[in-house]
Structure formats: structure tokens, C-alpha cells
Amino acid sequence: MFVCTACGRKFSLEEHHQRCPICNEPLQLENMKGKRRDGNVWERYRDFYSIPLSMDYSLGEGDTPIIRVDMYGNEFYLKNETLNPTWSFKDRGTFVAINRAIQMGFDRIGVVSTGNMAASVAAYGAHAGLDTIVLVSENILNEKISQLLPYGAKILKVKGDYGELYFKSLKIGKTRKIYFMNSDDPFRIEGYKTIAYELAEKVDVDYVFVPTSSGGLFRGVYKGFLELKESGTIDKIPEMVAVQAKGCSPICSAYPSGKIGRFKNASTIAHAIENPYPPSGNAVLRILKKNGWKCIAVEEDEIIKAQEELAYKGIFVQPASATTLAVLKKLNLKNSRIALILTGSGLKTKSIEYSKTIPLCDIEELEDCEVFK
Ligand SMILES: *Cc1c(COP(=O)(O)O)cnc(C)c1O
Ligand SMILES: [Zn+2]
């Protein structure tokens, strides 16, 4: 069954719902219980899925490494999601949604995205042999188009309000029978929850920092931990912190009122988390309030610095992912074990502009060069 995250009403999985037909808040699948088995992450947790998952549609997403580093007096566990097939965690959700698409007899799928999710859906759509339509905003950067083009999806630039496009696409999807597997689709959430499973298998952390835009990832990781707790696999859920860029922080700003509004003049280097009107914003606020957890926004210079510091530990992430390390300075934690969800690869975004100049040396004088001294 689908369950509404706001009103709790239930709807049959036989119908293709995406948001609650009564209150228009996000739906999610009922929590599942089970035990861990063998195989890849989809096989190990097969008890936890309400729909069967065929590996025919997999590109090898999930089961990403967890790297331990010690910084600022804390133990960090870096969940390296940059190693997914299209270099972001979006692939986990796309894999589950593609399975749903096939089971429901869709031969066309779509997505509203300007970045990582667009590339992910285009890749998985191509692999499954589905017609794929990607709606992007009019002013999308060429750098982002170039990551999408190779997969052969139909790309359409849309003029007008980008937040509204999310809702409009769902409507068109209904009338034209196209499955728009957007940011907080219930089946995406099912894919994202595997991040919590993989974390819980390997590490016992006090905190999990989650870069948050639409809110889909946050909801997914939370659902994963909840299901493990309900199954008796873990005793307690780590404290989850929703992290945003100050330049686009609709969820953090709505914390006092408890109701999401449109964030005006959004602007941040962390483009992957730049949704000014998050469709799961209210749902994330409900989770934060229920548990007494925080939403924290970080500055641009803190994001850039954190991106550099993570690269100096060997992992090059996008600015959106670097927000997780930047947040630490606001929390002043010591002796904590913290998992950072490093959501996407730095190679997908324009690289940090390093101020350092690189020295040049003639090959004849190589031995006398400064670097060897
Ligand atoms: C999509 C994305 C996020 C945020 O996920 P939401 O589900 O939209 O909250 C964070 N980081 C990266 C790199 C992303 O692509
Ligand atoms: Zn509802």
C-alpha cells in the first residue's frame, strides 16, 4: 500500500499514485520488516521491498564504499555515492522506479531535473529500452546538457516556473501515460533507503548528515533506518541533520513556521540542492520536528572550503555533497561518529578554481626541480 506522509490515508499499489489524491502531500510505501540475506544490496534486503526488483534493469548501483577519516576530533564515515553508475546516489532510486515502470506497463518515462537525476533517468531508460523524456529549465548550463546527451533521451527546455513544472509533469504523465519519476517519487524513496541499510551494516554512528533539496534522499535514508529499527536490527536511529546551502534553504527557513514556502532569489554554487520549492519539504519538516532534529544551512565559502578538504582526503565531490562537512563547524561536536552522505561526483561540476599556480620545469633540468627537494 501507499501511505500518505501527511494524512496517513492508504491507497492501493495497483493504481499508479505519486502524491496523495486528497492532500497532495508525498506518498510512500508502507514500512516493511525482514532480515538480511546474501547477495547485492537489493538481494540482501529483498524482504523490504513491496515490489519485485529485476536485476535486468540494474547498472550496478549501490554497495558503495564507506571510508573512515578522522578530522576535527571526530570519526567521519564517508559514504561515497560518487561511485554509482552515473556518479550520484540518484541511480538507487532510478533503479527501483524503472522496475515499477516496467511492471505497470509504461513504455515511456520522464523526469524533471537539471542535473544528476536527469542523467540517471536517461541512462537507466536507455538500458531498459524505454522512451525517455527529460524536461529541463530554459537556462540550463551546457555543461549539464553534455552529461545528458550521450544517453539519447528526448530533451525539452521549458520556459516558465521550474517548481510548477514538477506538478505539471505529473499531470501530463497521467493523461499521456508517461511515468515521471521525479525527485521524491515513492519508488525513488525505496531506492534511497538502501543507503541506511548499507551504513547500518558497517558502522554505528551518532549522526548522519544529509544534503537536502527536494527532500527525497532525507526521507529515504530515514525510512531505511526506521525499517531496520522496526525489524529489530538496530536499537536506535542516528540523529539525522538536514543540510542546505544558505543561498537556497527553504526547509531550514520554514522550520519555525512548519510550512514550506517558495524560497526567493535562490542562488548557490551547490546546484544539485537548489530546489526553491521542495516537494517533500513539509514531509522532511515533519520528520525533523517529530525527532527534535535540526536543519542547518551553510555559507558558500564554507562549502568551497569543505569541498577542498574532502578532496585532500581523496574524495572529490560536488559542492552539494560538501555541505555535509561544512555543517560541522556550526555544530561544534567532539568525539562523535558521523556519517556524511557524499551524494555526487565533483567531476560533474566545474572544478574548484585553485589559486595555486603549477610550476613548469624543462625535462633537461628535471632532477633539480623544486618538487624533489
Ligand atoms: C539530488 C541531490 C541531492 C538532494 O537530494 P533530494 O532528494 O533532492 O533532497 C543532494 N546531492 C546531490 C549531488 C544530488 O544530486
Ligand atoms: Zn494525504
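# Exercises on a predicted model

K177 sits in the loop between helix 5 (162-176) and strand 9 (179-180).

## Exercise 1. The zinc site

Identify the donors of the zinc ion (ligand 2), assign the geometry of the site, and state what the pair C7 and C20 ties together.

Solution. 

Step 1. The SG atoms of C4, C7, C20 and C23 coordinate the zinc ion (ligand 2) at 2.3 Å.

Step 2. Four donors count as tetrahedral if all angles lie between 85 and 135 degrees. The angles among the four donor atoms here are 95 to 126 degrees, and the site is tetrahedral.

Step 3. Along the chain, the donors of the zinc ion (ligand 2) have the spacing C-x2-C-x12-C-x2-C.

Step 4. C7 belongs to the loop between strand 1 (2-4) and strand 2 (10-11), while C20 belongs to the loop between strand 2 and strand 3 (27-29); the pair therefore ties together parts that are 13 residues apart in sequence.

Step 5. C7 is partly exposed at 34% relative accessibility, and C23 is partly exposed at 31%. C20 is buried, with 2% relative accessibility.

## Exercise 2. Disulfides

How many disulfides are there, and which handedness has the one between C252 and C295, and the one between C361 and C369?

Solution. 

Step 1. The cut-off for a disulfide is a pair of cysteine sulfur atoms within 2.5 Å. With this rule, the count is two.

Step 2. One of them joins C252 to C295, with an S to S distance of 2.1 Å. The torsion about this S-S bond is about -80 degrees, so the disulfide of C252 and C295 is left-handed.

Step 3. C252 is in helix 9 (residues 250-253) and C295 is in strand 12 (residues 295-298), so this pair ties together parts that are 43 residues apart in sequence.

Step 4. Both ends of this bond are under the 20% cut-off for buried residues: C252 is buried at 14%, and C295 is buried at 15%.

Step 5. C361 and C369 form a disulfide with their sulfur atoms 2.0 Å apart. The torsion about the S-S bond is about 110 degrees, so the disulfide of C361 and C369 is right-handed.

Step 6. C361 is partly exposed, at 30% relative accessible area, whereas C369 is buried, at 12%.

Step 7. Counting bonded cysteines along the chain, the disulfides follow the pattern 1-2, 3-4. C248 is in no disulfide: the nearest cysteine sulfur belongs to C252 and is 10 Å away. C248 is buried, with a relative accessible area of 0%.

## Exercise 3. The largest cavity

Give the volume of the largest cavity, name its lining residues, and sort them by class.

Solution. 

Step 1. Searching the whole structure gives one cavity of 30 Å³ or more.

Step 2. The volume of the largest cavity is about 40 Å³.

Step 3. Its lining is made up of Q18, R19, Y166, L170, F180, N182, D184, D185 and P186.

Step 4. Sorted by class, the lining has four nonpolar, two polar and three charged residues.

## Exercise 4. Cover of a helix

How many residues of helix 12 (residues 319-326) are buried, and which are they?

Solution. 

Step 1. Eight of the eight residues of helix 12 are buried, and the helix is mostly covered.

Step 2. The buried residues in helix 12 are P319, A320, S321, A322, T323, T324, L325 and A326.

Terms used:
Residues are numbered from 1 along each chain as its sequence is written. Chains are lettered from A and ligands numbered from 1 in the order in which they are written. This is a predicted model: local features need pLDDT of at least 70, side-chain atom pairs count only at pLDDT 80 or more; totals for chains, interfaces and linings use all residues. Side-chain values use heavy atoms; hydrogens and water are left out. Donors are N, O and S atoms within 2.8 Å of the metal (3.2 Å for Na, K and Ca); water is not among the atoms, so sites may look incomplete. Four donors count as tetrahedral if all angles lie between 85 and 135 degrees; four count as square planar and six as octahedral if opposite donors are over 155 degrees apart and all others between 65 and 115; anything else is irregular. Helices (H or I, at least four residues) and strands (E, at least two) are DSSP runs, numbered from the N terminus. Buried means under 20% relative accessible area, exposed over 50%, partly exposed in between (1.4 Å probe, protein chains only). On a 1 Å grid over the protein atoms alone, a cavity is a set of points where a 1.4 Å probe fits but cannot get out, and a pocket is an open set with protein on both sides within 12 Å along at least five of seven lines; lining residues have an atom within 4 Å of a point. Grid points are joined across faces, edges and corners, and a volume is the space filled by probe spheres set on the points. Ala, Val, Leu, Ile, Met, Phe, Trp, Tyr, Cys and Pro count as nonpolar, Asp, Glu, Lys and Arg as charged, and the others, Gly among them, as polar.
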